[in-house]
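Q: I would like to learn how to read the features of a protein model one at a time. Please give the general idea of each, then the case here.

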Amino acid sequence: MSTDLPTTPRFDLPEADAFTRPYWDAAAEGRLLIRRCGACGAAHHYPREFCPHCWSEDVTWERASGRATLYTWSVVHRNDLPPFGGRVPYVAAVVDLAEGPRMMTEIVDCEEDALRIGMAVEVRFRREAVDEAAVAVFRPVDG
């Protein structure tokens with residue numbers, strides 16, 4: 001008879017695999033990685049094994065600067081999936097990384113009325129427990 005208690009599923013944590021392991025390992029160290037194509041030079045995110053611009057498989061990992069600008073956002077006031085319900089309201093956003101790709105993320109440390117399209121933001125990493133993956137979030141750049 002198992003004594004394990006049922007766990008509540010989490011919908012905010014990634015499932016790393018052999019291909020994405022470098023991305024998640026870098027995030028745990030506070031570094032944001034993107035992929036860059038050796039054939040056409042374009043950068044992309046989310047990580048893929050091929051270039052979405054020219055379809056080349058000559059892609060490598062590259063450290064991103066962590067700088068971005070806010071492209072768009074939405075303030076989420078209700079979310080019933082764990083653990084999001086405990087975080088509402090939160091800012092779901094899309095940012096343009098300095099290297100070119102767009103990335104879905106969350107904006108933290110910023111009041112809703114201070115959000116502006118084009119505002120400078122920088123990456124931070126959220127980890128709620130020691131054994132959890134670090135997830136990239138963005139905050140306004142000071143000054």
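Q: With which residue does Arg124 form a salt bridge, and how far apart are the closest N and O atoms?

A: A salt bridge is a side-chain nitrogen of Lys or Arg within 4 Å of a carboxyl oxygen of Asp or Glu. Here Arg124 pairs with Glu122, with 3.1 Å between the closest N and O atoms. The whole structure holds 10 salt bridges.

Q: What kind of model is this, and how are residues numbered?

A: This is a predicted model, in which local features need pLDDT of at least 70 and side-chain atom pairs count only at pLDDT 80 or more, while totals for chains, interfaces and linings use all residues. Residues are numbered from 1 along each chain as its sequence is written, and side-chain values use heavy atoms, with hydrogens and water left out.

Q: Is Arg139 buried or exposed?

A: Buried means under 20% relative accessible area, exposed over 50%, and partly exposed in between (1.4 Å probe, protein chains only). Arg139 counts as buried because its relative accessibility is 13%. Arg139 also forms a salt bridge with Asp142, at 3.2 Å between the closest N and O atoms. Asp142 is exposed, at 61% relative accessible area. Through shared partners, salt bridges join Asp109, Glu122, Arg124, Arg139 and Asp142 into one network. Within it, Arg124 is partly exposed, at 38%.

Q: What is the volume of the largest pocket?

A: Rolling a probe the size of a water molecule over the atoms shows where empty space is left. On a 1 Å grid over the protein atoms alone, a pocket is an open set of points where a 1.4 Å probe fits, with protein on both sides within 12 Å along at least five of seven lines; lining residues have an atom within 4 Å of a point. Grid points are joined across faces, edges and corners, and a volume is the space filled by probe spheres set on the points. The largest pocket has a volume of about 670 Å³.

Q: Which residues line the largest pocket?

A: Its lining has 28 residues, and Asp12, Met104, Thr105, Val135 and Ala136 lie nearest the centre. Two or more lining residues come from each of α1 (21–28), β5 (90–97), β6 (102–107) and β8 (135–140). β6 gives the most, with 5 residues.

Q: Where does Ser56 lie, and what does Ser56 touch?

A: Contact means heavy atoms within 4.5 Å. Ser56 is in the loop between β2 (43–44) and β3 (59–63). Not counting residues up to four places away in sequence, Ser56 touches Cys37, Ala39, Phe50 and Cys51. Ser56 is buried, with a relative accessible area of 17%.

Q: How many helices and strands are in the protein chain?

A: The protein chain has 1 helix and 8 strands, running α-β-β-β-β-β-β-β-β from the N terminus on. Of its 143 residues, 36% count as buried.

Technical notes
Helices (H or I, at least four residues) and strands (E, at least two) are DSSP runs, numbered from the N terminus.
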